[in-house]
Every structure is written in structure tokens, then in C-alpha cells.
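Please keep the sequence and the model in view while reading.

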Amino acid sequence: GELAVLVVDGLQAYVDQYASAAPQQVAEFSTELLPDLQRLATTAGGAAGTLGCTGADYRDLLAADLGRLEAGPGVQQAVAGTFISGLLGGDDPSDPGAYLFEVTTAAELAAAVRTAGTGSTIRLAAGEYAIDASLVLLRGVSLVGAGAESPPISSTASGAAVLVATSATATLEGFTVVNEAPGSSVVAVTRGGLTLRNAAVEGGRRDADGNGGFGLILAPDTTLEIGSHDVVDTMFRDNDGGGILIDGPVLPELAGLEVEATTGCAVCWRGESGGSLEGATITGGEIALRVEGSASPVIGDLSATGTDIGAVIIGSATPSISDAQIEGSNAGMAVGDEAAPELIRVALSNSVDVGLRLAGRSSATVTDVAVTGGPAAGIGILEQSAPVITGGMVDSTGEVGVLYAGSAMGSIDGLTVRSSR
């Protein structure tokens, strides 16, 4: 009995250290604190054997004493819940294993998220779920709703409505999640993997300083195993920080996306990110695609309509973009800095200022581009850019088909230019 008391006291000290943790700090805290917790589990288990306590007796004593583990709201409560739900043993000291949860209320949903073991499924009955604290997924569980058209999970939680901080892969499927808190995003991954499909992600709001507001943030802790990230057949709507932010050495597979009315960028790659995007429809907003840092995604089958800029490619980014149609932007595509994108069969129609702008020291490879409509310049090759343009056409009623300026160089072979003034 005394050993169980000492173990729970150790767990309480661990949980207490999360009292000041914001949702986005869970992975950082877990990385720093988990080794101490694992040592506690190993030492306590060895002591139990030395005292002649059988495994079953030890688990029974520990289960009885775990009931006094206390925690405040939010992240701390989520961490404590994982221990209250099970027993010490293994890398996750309380994982009770897979189970099916059927929930009908917000309180049941929050409780299930706290107590579900790895491999569990939490099924949400049709209905609205109003929550005021982040749903923190510390294990690889699945949240499955009745469909993206059903009433939403509506959150006012700071940081994120749903936070994934697991060493496995969590699944979110078949529901709408909305976050109404200023300065917060909707879904954030700070550790582990995520499968997001047949869902809708809405309402991310930046604060007065421009923080937060993304629909989905994929920025897992790179000191840990990252896991896989798949986002399929999902709608991102009315997120004023951006639709999806991908940051760091993460390689998500994105397919069948719809993004509407998003301030910022609909899909943003930063740092060393990559992966693929196959099939996206983007309507309205500021920037359809933004690729920066050394990011190198492969993007295909894209349709963007009515954005301020169709794509921004800067830094030393090297994306490959093919079969993209961008219509009605002020600028169809803007490439700058030392970026070296590969652009294949990109159609830029009815841009206002310029169809394709190549600037900085960029070195784009452009094959079979099509610029149509009435931009002031069909293709602008500026500053010290040196593109290689092969094939394609500029069919424009604007002032100039192809404009060279500054110290720009590069080559053009087989490009048809007609109808410009």
C-alpha cells in the first residue's frame, strides 16, 4: 500500500508540472518529463517484486490509489486522465488498450478522450458538442463522427480545439470542428501522426497581434518519431490565419481538399517540409499556395479561383507544381529569392497585374505554361532571375507578353506569344 502511495505521489508531481503548459507545449513537456516517469515505473515495479508483491496485487493497489490523482482544467487534466484511466507499465505508464466509446454529450466526449487507450475508437452520435478546453489526444485514438454535415464540435479553447500530442497516429474522421477563440487554431499536431478525412475544419481566428487562426497546423516535435500525416477529402473554411500550415521535416499526403474564404495562405509549407498535394479546390482568400524555406512539396491537380495571389514560392524552396489552374488573381504566381520550382502545365488565366512573376535570384523551370486573359504582363522576368522556359503560350490582351527587366537572364524556347499590344 505504501509503495502505491509513493508511486501516485510521483505521478502527481509529474502532472503538476503541466499546470502552466499551453496546448502547443505538450510535446515539449512530454519530451523533457517522460524519462523521469519511465524511471519511476521501472523502479516501482522492481520494488514491488522485491517486496513479494505479485503483479496483480501491485496493479490492484495502484488502481485504488490512482483515484486521488488531481489536476486542474485543460492540458493538465488531460495528462492526469491518462493515468487515472489505467495502470503503470510500458512506455505509456497507464495505457489501458483499445476500447469502443459511444458518446452523445460534450462531457462524455471529453472524458473519453482522457481515458481512451491506444487503438480506441470514440464514436460521436449526431449532435452538437460545445467544449471550452482543448481535446488533447495523448494516444493513438480515433474520433469518428456522423459526417461532416452533422452539427459540429464547437470550441472556445485557447491554443487549439483539438491537439494531437501522441507517439502514435490519431484519426479524426466524419465531423466538423470549429474554434471560436481568438488567437487559436482548430487542429494542431505537436507530436505524432494524424489521419484527417471526410471532415470540415472551420473558424480559426487570429488575435490582434496576428497569432493563431490556422485550420490545421502540422508541426510535430522533430526530436521524436514524427509519424505519418494524411489529410483526405476535407474542407477548410473561414480560417483567417490560413488553411493548413506544414512546418519542419514533415511529409504529409494531402488529397481531395477544399479551401474557402481563408485569409493568409490556403496551404503553406515552411522549413524542410515536403510531401504531396493531389487534388485541391481553393476559392477566395489571399494566397492559394505559399512555399518557403527549403520546402519541396509535389503538387498536382490544383484549381484556385479569386485569390489575391495564386502561389508564392520564395526562400530556397523547390516545389514541383503540375496541372494547376489559377484564375482571377492579381498575380497568378510569384517566384522570388533563390527558389527553384518546377512548373509544368500551369494555366494562369485572367490575372490582373501579371500572370507569372519570376524575380530575385530564382531559377524556375517552366514547361508548357499557359497565360491567358488581360494581365499587364503575361510573364515578368525581373531582377536576377534566370528561368528556363520551354513550350507554352502567352495569349494576352495586356501591355506586354514577356517582360525582361533588371539583370534577368535565362532562356526561352518554343513559347508562343500572341495578341499582346
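## Residue classes and the largest cavity

In the classification used here, Ala, Val, Leu, Ile, Met, Phe, Trp, Tyr, Cys and Pro count as nonpolar, Asp, Glu, Lys and Arg count as charged, and the others, Gly among them, count as polar. The model is predicted, and what follows should be read with that in mind.

By these classes, the lining of the largest cavity has eight nonpolar residues, three polar residues and no charged residues. The residues that line the largest cavity are Leu124, Ala125, Ala126, Gly127, Tyr129, Gly145, Ala146, Ser150, Pro151, Ile153 and Phe175. The volume of this cavity is about 50 Å³, and a search of the whole structure finds two cavities of 30 Å³ or more.

## Overall make-up of the chain

The chain has 32 strands and five helices, and 50% of its 421 residues count as buried. Its accessible surface comes to about 16500 Å², and carbon and sulfur atoms contribute 49% of that surface. Among the contacts in the chain with a separation of 6 or more, 47% are accounted for by residues 24 or more positions apart.

## Salt bridges around Asp240 and Arg206

Ten salt bridges are present in the structure. In one of them aspartate 240 is paired with arginine 206, and the closest N and O atoms are 3.9 Å apart. This pair links distant parts of the chain, for aspartate 240 sits in the loop between β13 (235-237) and β14 (242-247), while arginine 206 sits in the loop between β10 (200-202) and β11 (214-218), 34 residues apart. With a relative accessible area of 33%, arginine 206 is partly exposed.

Aspartate 238 is in the loop between β13 and β14, and at 34% relative accessibility aspartate 238 counts as partly exposed.

## Two further salt bridges

Aspartate 323 and arginine 345 form a salt bridge in which the closest N and O atoms are 2.7 Å apart. Aspartate 323 lies in strand β21 (residues 320-327) and arginine 345 lies in strand β23 (residues 342-349), so this pair ties together parts that are 22 residues apart in sequence. Both partners fall between the limits for buried and exposed, which are under 20% and over 50% relative accessible area: aspartate 323 is partly exposed at 37%, and arginine 345 is partly exposed at 44%.

A salt bridge also joins the side chains of glutamate 338 and arginine 361, with an N to O distance of 3.8 Å. Here too the pair links distant parts of the chain, since glutamate 338 is in the loop between β22 (331-335) and β23, and arginine 361 is in the loop between β24 (354-358) and β25 (365-367), 23 residues apart. Glutamate 338 has a relative accessible area of 52%, and because exposed means over 50%, glutamate 338 counts as exposed.

Most residues other than glycine have a negative phi. Against that background, aspartate 238 has a positive phi of about 60° although it is not a glycine. Aspartate 323, which is found in strand β21, likewise is not a glycine and has a positive phi of about 50°.

Alanine 324 is placed in strand β21, and with a relative accessible area of 1% alanine 324 is buried. Leaving aside neighbours within four places in sequence, alanine 324 is in contact with Leu302, Arg345, Val346 and Ala347; of these, Arg345 is the salt-bridge partner of aspartate 323. Alanine 324 and serine 303 are 21 residues apart in sequence, and their C-alpha atoms are 5.9 Å apart in space.

Alanine 165 is found in strand β7 (residues 160-173), and at 2% relative accessibility alanine 165 counts as buried. The C-alpha atoms of alanine 165 and glycine 192 are 6.0 Å apart in space, although the two residues are 27 residues apart in sequence.

Note on methods. Residues numbered from 1 in each chain as written. Predicted model: local features only at pLDDT ≥ 70, side-chain atom pairs only at ≥ 80, totals over all residues. Heavy atoms only, no water. 1 Å grid on protein atoms, 1.4 Å probe; cavity = no way out; pocket = protein on both sides within 12 Å on 5 of 7 lines; lining within 4 Å. Points joined across faces, edges and corners; volume = space filled by probe spheres on them. Helix = DSSP H or I, 4+ residues; strand = E, 2+ residues; numbered from the N terminus. Buried < 20%, exposed > 50% of the residue type's maximum accessible area, 1.4 Å probe, protein only. Contact = heavy atoms within 4.5 Å. Areas by Shrake-Rupley, 256 points an atom, 1.4 Å probe, with all protein chains shown as cover. Salt bridge = Lys/Arg side-chain N within 4 Å of Asp/Glu carboxyl O.
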